[in-house]
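Here are some questions and answers for a reader who is new to this structure.

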Amino acid sequence: MVEKAFREVRLVLPMEPNREVEASETASALAASVEMHPDRVDELRMAVLEACINAFEHSQADDGKVYVTLALVGRRQPERIRITVQDHGIGFSEEKVGGTIPRQAKAPRKRGWGLTIIHRLMDDVKIESNEAGTMVVMSKQIDDADVGENGL
Ligand SMILES: Nc1ncnc2c1ncn2[C@@H]1O[C@H](COP(=O)(O)OP(=O)(O)O)[C@@H](O)[C@H]1O
Ligand SMILES: [Mg+2]
């Protein structure tokens, strides 16, 4: 059976301080409407914040906007929440995509964890990035009983 979106919310966020909160608040509201466990909602919020802040901080998008789509998707009923964070900026290279860059032991700043955090907090993450922009598609099961040891 084909998967469908039961609810979908689209946001266009200007790249201004704190606007990422609108995306995380919307994610919370959607997740709460299907009774996702509060701990998992917190994980979802954090991943959404990191993805939006990355677009704000790194994309250098000429249009100054981040496009966020949040949806409850599944076959017969909502099974997971899927969030897409897209920008039309400069993109970044493959080796960074998986959050696999070796960290310097004594890195001067606590930076460089956003992508790793996103991968850990979400059940499935796909990132497409090139010189036309970046699209992060991430999803999290509504019911954690459906999540295997390594996510989906
Ligand atoms: N939307 C984006 N557009 C361009 N580059 C990005 C984007 N998201 C991530 N990056 C690149 O990936 C790197 C790693 O991101 P992240 O793990 O969140 O660490 P940090 O944001 O602390 O640098 C960033 O420094 C940036 O070079
Ligand atoms: Mg970051």
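**Loops, helix pairs and a ligand**

Q: Is N18 buried or exposed?
A: This is a predicted model. N18 has 7 other C-beta atoms within 10 Å, and a residue counts as exposed if 12 or fewer lie within that distance. N18 is therefore exposed.

Q: Where is N18 found, and what is its phi?
A: N18 is found in the loop between β1 (4-14) and α1. Most residues other than glycine have a negative phi. N18 is not a glycine, yet its phi is positive, at about 70°.

Q: Is E35 buried or exposed, and in which loop does it lie?
A: E35 has a positive phi near 60° although it is a residue other than glycine. Around E35 there are 10 other C-beta atoms within 10 Å. With 12 or fewer as the limit for an exposed residue, E35 is exposed, and its place is the loop between α1 and α2.

Q: How are helix α1 and helix α2 oriented to each other?
A: The axes of α1 (residues 20-33) and α2 (residues 38-58) come within 9 Å and cross at roughly 155°. Angles over 145 degrees count as roughly antiparallel, so α1 is roughly antiparallel to α2.

Q: Which residues of α1 make the contact with α2?
A: α1 passes α2 in a right-handed crossing. On the α2 side, the contact is made by V41, L44, R45, V48, L49, C52, I53 and F56. By class, the contact has 11 nonpolar, 2 polar and 2 charged residues. The residues from α1 are E20, A23, S24, A27, S28, A31 and A32.

Q: How are α2 and α4 oriented to each other?
A: The axes of α2 and α4 (residues 114-121) come within 9 Å, crossing at roughly 150°. The crossing is left-handed. Since angles over 145 degrees count as roughly antiparallel, α2 and α4 are roughly antiparallel.

Q: Which residues of α4 meet α2?
A: From α2, the residues involved are E43, M46, A47, E50, A51 and N54. This contact has 6 nonpolar, 2 polar and 2 charged residues by class. The α4 residues are G114, I117, I118 and L121.

Q: Which element supplies the largest share of the shell around ligand 1?
A: Of the 19 residues around ligand 1, N54, H58, R111, G114 and L115 come nearest. By class, the shell has 5 nonpolar, 9 polar and 5 charged residues. α2 and α4 each supply at least two residues. The largest share, 5 residues, comes from α2.

Methods. Residues numbered from 1 in each chain as written. Chains lettered and ligands numbered in written order. Predicted model: local features only at pLDDT ≥ 70, side-chain atom pairs only at ≥ 80, totals over all residues. Axes fitted to C-alpha atoms, helices over the stretch in contact; angles between N-to-C directions. Helix = DSSP H or I, 4+ residues; strand = E, 2+ residues; numbered from the N terminus. Parallel < 35°, antiparallel > 145°, perpendicular 65-115°, else oblique. Left-handed = near helix turned anticlockwise from the far one by under 90°. Contact = placed C-beta atoms within 7 Å. Nonpolar A, V, L, I, M, F, W, Y, C, P; charged D, E, K, R; others polar. Near = placed C-beta within 6 Å. Buried ≥ 20, exposed ≤ 12 C-beta atoms within 10 Å, placed from the backbone.
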